[in-house]
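Hi,

Here is the structure I promised to pass on to you. Have a look at it first, and my notes on helix packing and pockets follow below.

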Amino acid sequence: MSAQGPPAKILTHLLNRSGLLQERTDDTYQFIHRTFQDYLAAKEFVEDDHLNELLHHADEETWHDVILLAAGHCGRRQLSSLVIGLLDVGLKHRTGKEDRTSVHVLAELCAQHATYLDGPLRSRVRASTSALFPPSTVGQVRALTRLGPAALAFLPDPRHMSGEGRGVQRVAELIVNIGGASAVPHARAWVLAHPRLSDSFVTAWERFPPEEYATKVLAHCDLAQVVLPVHGRKQLRALRHLPSARAVSLRSDLPGAEIGTALEGFRIESLSLSQNARLTEVSYLSTVADSLSWLGISQCPGVRDLRPLAGLRNLKFLSLDVQELRLGELAPLTELPSLSDLTLNHLAADRLSEIAAHPGVTELSVGNRRPLALDGLDAWKSLTRLQLSELAAFDDALAALREHPRLISLRLAAFPWAHQPTRAVSAPGIKGLSVQAPPLGEDLGMLRPLFPGVTRLTLNASEQHALDLTALHTWPDLRVRVIGLQKPRLIGAEELSGRLTVISY
């Protein structure tokens, strides 16, 4: 090394040209990729015969890659000692504990590197690995996934497992995590033995060969109750093997004509189209006009002409990303004869009156990019439920709500807790109200005079650290649902007793 120059010159070369090191401070350096560090550490442990030191860290996940790399450096005797040591470390944890699973998986992986292990030791490794199946927790599934296709040989016979509990679900998760052609026969066997696993196997289609998986697995799933994800041309073409499909989510850059041809003859009731830059028109949807009742179109910027949608005579639910559309281009939606639920996302409008009103829509959801004034609300003759990002001219909005007695449910993503009404105004017809929870210190009590008829109140408190419900104690017949906070962080929760529901996810 000294023949290549002084240390400072060699260090400069390593920093600038090798791609191995980078400087953190004036006198501190680190490997750019952790693998280099792990490799050299593993080599050092083996060459200095410090395997026991490695085994002391076997319970630490950050050391697992070092141990695996060390197995590759080991000679026959050292590898046997390492594998035996890992088996013994795992046995220090109780059966069924995730720590035992993790360490015994590591022993199995090290044994896979061995060109030679004596018969009794290899049998012991196999027995310890077999005892890890079936997994019962998400952590165990994650650990066993590291075995890759080798894990499939240890799966139990699905016909001998009860469908009760989470055991079969965890096995399904392991199979789809591994994926690939080798997992297809196992996916087939498990869905045939346990049809309730259909959802798990359907949503994992992209992890398997499209044609083979469609014919051998998906064809045996209950497709009437799940949404079938279609990502790419190969899956779209394989759709022909699945005539029972009723709901499809298509995410791919494919032209409309190709999509229409693939859907011809299907009784598709629900269709989601997303992330398709090549889609420019929707006339091809005529192939499913008799059956389609739900349609979603998002991140398809080329779709501008909505007039062909008028031919979807049975369409009840429509969700559109309107970011690229002019407001006038929404007018054809009024021609949809059966439409009852309309969602418009990324709407660039200041007033509700700028949107062509559909007289038959009962539920309207608007993801508005700017606060929206509710003038023109009376044109939505059948509207009973309204969801908005934010209201403009709050007092005027309350007055408009008051004049629309059919409207009984209101959901606002942003609520003006600091607003002080300039006049006495209320919307007594609203029975169900969903709003963002106020910051601690703001008064929940301001809702009652504004919405005196509310009997169901939902508060989204996911951005708050605590919420004071005291002001709701005297509100008769009010049922409250709080989302995003655990009950100990709710002040005054006990007094609401059976009237309070807490969802803390």
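Let me start with a helix pair: H5 passes H6 in a left-handed crossing (left-handed if the near helix is turned anticlockwise from the far one by less than a right angle, right-handed if clockwise). Before going on, please note that this is a predicted model, where local features need pLDDT of at least 70, side-chain atom pairs count only at pLDDT 80 or more, and totals for chains, interfaces and linings use all residues. Residues are numbered from 1 along each chain as its sequence is written, and side-chain values use heavy atoms, with hydrogens and water left out.

Helices (H or I, at least four residues) and strands (E, at least two) are DSSP runs, numbered from the N terminus. Helix H5 covers residues 76-91, and its axis comes within 8 Å of that of H6, crossing at roughly 165°. Axes here are lines fitted to C-alpha atoms, for helices over the stretch in contact, with angles from 0 to 180 degrees between N-to-C directions. H5 and H6 are therefore roughly antiparallel (over 145 degrees; under 35 counts as roughly parallel). On the H5 side the contact (heavy atoms within 4.5 Å) includes Leu79, Leu82 and Leu86, and on the H6 side Val103, Leu106 and Ala107 are among the residues involved. The residues of this contact divide into 12 nonpolar, 2 polar and 1 charged (Ala, Val, Leu, Ile, Met, Phe, Trp, Tyr, Cys and Pro count as nonpolar, Asp, Glu, Lys and Arg as charged, the others, Gly among them, as polar).

H6 also packs against helix H4 (residues 64-73), at an angle of about 25° and with the axes 9 Å apart. That crossing is right-handed. His64, Ile67, Leu68 and Ala71 of H4 meet Ser102, Leu106, Leu109 and Cys110 of H6.

Now the pockets (on a 1 Å grid over the protein atoms alone, open sets of points where a 1.4 Å probe fits, with protein on both sides within 12 Å along at least five of seven lines; lining residues have an atom within 4 Å of a point). Of its 31 lining residues, Gln387, Ser409, Leu410, Arg411 and Ser434 are the closest to the centre.

The second largest pocket has a volume of about 250 Å³. H6 gives the largest share of its lining, 5 residues.

Best wishes

Key. Points joined across faces, edges and corners; volume = space filled by probe spheres on them. Parallel < 35°, antiparallel > 145°, perpendicular 65-115°, else oblique.
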